[in-house]
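Hi everyone, thanks for coming.

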Amino acid sequence: MKNYIGGILLVSISFLACGNDTKSIIADEDALMPEVPSVIKGWEACDDFGKLPNHLFVYKSPAQLLNKNINAYIVVADMNRGARFNVIGEKNGLFTPAAYYEKNESPSVIMNGGYFAASGSLSLICRNNEVICGNIQNVTRSNGSSNVPFYPTRSVFAYKGNGKYAAEWIYSVNETIYSYPRPAANKSGQLPLAQPSKTFPAGASAWSAQEAIGGGPVLLKGGAIMNTWEAELFDATSGIGPTGNNPRSAVGITQNNHLIFFVCEGRNMTPNVLGLTLQEVAQILKDLGCVDALNLDGGGSTCMLINGKQTILPSDGKQRAVSGCVTLN
């Protein structure tokens, strides 16, 4: 059976034709090697980080994408072949990705997660079917004349179980978390919309997940670029810099259940590499075959380690302590 991510060909199971019979070849993880091209859409296979399980693949970006200098990496995980996605972190307490790596049995790949403040996580952390903390419930923005509370339906990337992954807009109401087919259409400078509920925005359904990380905005949903930074109130006040060049982290899933971790460098840590806008990250992930994708905390938080080795240069000059991470094994 052949599966594709963009132009990446991954072979999940091999078959041997024998007369009129087709017999499955039984092979262990090390023996069953997928056929993966060395270059895909300009991204080159990279073996600088040591041996990985046969369901994880590392690619380095070309020197330019979308007419910009870029230094970026992706890890492609074939979730059909036993790759595992996990979320780590707590509501309180900040650690560098390297510290999380040491504290959590050295996962093959670790990348920074959602947003946080000195007091702890501002983004949902869910693991082993348990919500450790939720997304922030309100933010202060201008309504055109004064600063008032707004109630954004911010987003998550979730493993739903049964091999299903999704980027979703959610809000917690009286201890029930709801997901919505579209975010509440808030916009800074206008009057805030009503606080989300089981009836607003329309189409709410009770939400649950086995593993999930909060962040935002949603970059892709159902194969379409969404980039809902305005509705999720990731505007200039948020510090995310949605339309500016910044280091970025993101996670996405393809139609054929290949999960992608993405990081790009910025802020001239490598000379003349400024970073990307959210729209550019969305376009790159779409080009790589993602159908759902979520932006994670970027800027100085952007960091991905493979076998404990740093990929890009952090824009703080060293790894920033963060509230949580996502991992692949």
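Predicted model: local features only at pLDDT ≥ 70, side-chain atom pairs only at ≥ 80, totals over all residues.

Okay, let's start with a sheet: 7 strands make it up, in the order E16-E15-E23-E19-E20-E21-E22, and it's an open sheet with antiparallel pairing. At the edges sit E16 (130-133) and E22 (205-206), each pairing on one side only. If you're new to sheets, strands in a sheet pair through backbone hydrogen bonds, either parallel or antiparallel.

The pLDDT averages 91 over the chain, and 88% of the residues score at least 70. Over residues 6-33, though, the pLDDT is below 50, even though that stretch has 62 contacts in the model beyond near neighbours in sequence.

For the overall picture, the chain has 2 helices and 31 strands. Of its 329 residues, 53% count as buried. Take the contacts between residues at least 6 apart in sequence: 66% of them join residues at least 24 apart.

E22 is joined by 2 bridges to E21 (residues 176-180), and the two run antiparallel. Across that pair, Ser179 stands opposite Ser205.

Now look at the loop between E21 and E22, where you'll find Pro196. Is Pro196 buried or exposed? It's buried, because its relative accessible area is 4%, and the cut-off for buried is under 20%. Leaving out residues up to four places away in sequence, Pro196 touches Tyr151, Thr153, Tyr171, Val173, Tyr180 and Pro201.

Pro217 is in the loop between E23 (211-215) and E24 (218-221).

Why point these out? Most peptide bonds are trans, and most residues other than glycine have a negative phi. On the phi side, Asn128 has a positive value of about 50° and isn't a glycine; you'll find Asn128 in the loop between E15 (125-127) and E16. Asn174 also has a positive phi of about 50°, and Asn174 lies in the loop between E20 and E21. Asn128 is exposed at 58% relative accessible area, and Asn174 counts as exposed at 73%.

Next, a hairpin. E17 (residues 139-142) and E18 (residues 147-150) pair antiparallel over 4 bridges, and Arg141 has Val148 as its bridge partner. Between the strands there are 4 residues, and Gly144 in this hairpin takes a positive phi near 110°.

How many cavities of 30 Å³ or more does a search of the whole structure find? It finds 1, and about 50 Å³ of space lies in the largest cavity. Its lining includes Leu124, Ile136, Arg154, Ile170 and Tyr171. E20 (residues 164-173) gives the most to that lining, with 3 residues. By class, the lining has 6 nonpolar, 4 polar and 1 charged residues.

Definitions and conventions
Residues numbered from 1 in each chain as written. Heavy atoms only, no water. Pairing = 2+ DSSP bridges. pLDDT = per-residue confidence, 0-100. Contact = heavy atoms within 4.5 Å. 1 Å grid on protein atoms, 1.4 Å probe; cavity = no way out; pocket = protein on both sides within 12 Å on 5 of 7 lines; lining within 4 Å. Points joined across faces, edges and corners; volume = space filled by probe spheres on them. Nonpolar A, V, L, I, M, F, W, Y, C, P; charged D, E, K, R; others polar. Buried < 20%, exposed > 50% of the residue type's maximum accessible area, 1.4 Å probe, protein only.
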